[in-house]
Amino acid sequence: MKSILVIGIGRFGKHLCMDLVQNGNDVMAVDEKEENLEDILSLVTSAKIADCTREEVLRSFGVRNFDICFVCIGTNFQSSLEITSQLKELGAPYVISKATRDIQAKFLLRNGADEVVYPDRDIAKRIAIKVSANHVYDYMEMGDYSIYEIQPLEEWVGKSIKEINFRVKYNANILGIKKEGESTLLPDADHVFSSEEHLMVIGRREDIDRIVKRL
């Protein structure tokens, strides 16, 4: 369980708070507008109406005591930049700030952000990849690597991972297999593919794309 401060409760901030609480974290939510906090009042550990561009406000929160501070302001970049900078100056150990453009990310990183997220761009990219290819059911990026949920190629059905020599032939690994609502992580080399299952495959995007184009 972590102690997390979320500043800016718009659509992204609200869903972030809900998911963080669902995963067992203590969450303090802060926004200038009371109505933005109404939907999550009963969920979060605490909620405050405050202007976080004021240093004394952030200082009163004891930001150095939070494991992670999120800056989720999407409509006023100047405020986002000021809050990010002040959080680090006040000793916040890890600050994650929201950006909508690359130039914003550069300024946020230069002014103290430990990490920058692009929620709108990332969701759009994920959906675009999912709908652009046949039999791709989900997609996620992890640095230089991507995870795809795909259907097995017809030529794999009835053969084992070892028979196909999957890792060597495709320069990728199978993280898990989903079938009839159940998941198996890290299947052994003797697993035989069936047409009813989905595979969670990880590798560099260019390598996975070569598989996806054959689906």
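**Exercise 1.** In this predicted model, find what the side chains of Glu-56 and Arg-54 form where they meet, and say how exposed each one is.

*Solution.* Start with the atom pair: the two side chains meet in a salt bridge, at 3.1 Å from N to O. Glu-56 has a relative accessible area of 47%, so partly exposed. Arg-54 comes in at 41%, again partly exposed. The structure holds nine salt bridges.

**Exercise 2.** Work out how Arg-59 and Glu-55 are placed in helix α2.

*Solution.* Their side chains meet in a salt bridge, 2.4 Å from N to O. Next, look at the spacing: they sit four residues apart in α2 (residues 55-61), which means about one helical turn separates them. In general, an α-helix has 3.6 residues a turn, so residues three or four places apart point the same way.

**Exercise 3.** Say which parts the salt bridge of Lys-162 and Asp-190 ties together.

*Solution.* First, the closest N and O atoms of this salt bridge are 3.1 Å apart. Lys-162 lies in helix α6 (residues 161-164) and Asp-190 in the loop between β10 and β11, so the pair ties together parts 28 residues apart in sequence. As for exposure, Lys-162 is exposed, at 56%.

**Exercise 4.** Which residues of α4 are buried, and where on the helix do they lie?

*Solution.* Within α4 (residues 102-110), pick out Gln-104, Ala-105 and Leu-108 as buried. Down the helix axis, the buried residues fall within an arc of 100°, so they line one face. Their cover includes α3, β5 and β6.

Technical notes:
Residues are numbered from 1 along each chain as its sequence is written. This is a predicted model: local features need pLDDT of at least 70, side-chain atom pairs count only at pLDDT 80 or more; totals for chains, interfaces and linings use all residues. Side-chain values use heavy atoms; hydrogens and water are left out. Buried means under 20% relative accessible area, exposed over 50%, partly exposed in between (1.4 Å probe, protein chains only). Helices (H or I, at least four residues) and strands (E, at least two) are DSSP runs, numbered from the N terminus. The arc is that of the directions from the helix axis to the C-beta atoms. Contact means heavy atoms within 4.5 Å. A salt bridge is a side-chain nitrogen of Lys or Arg within 4 Å of a carboxyl oxygen of Asp or Glu.
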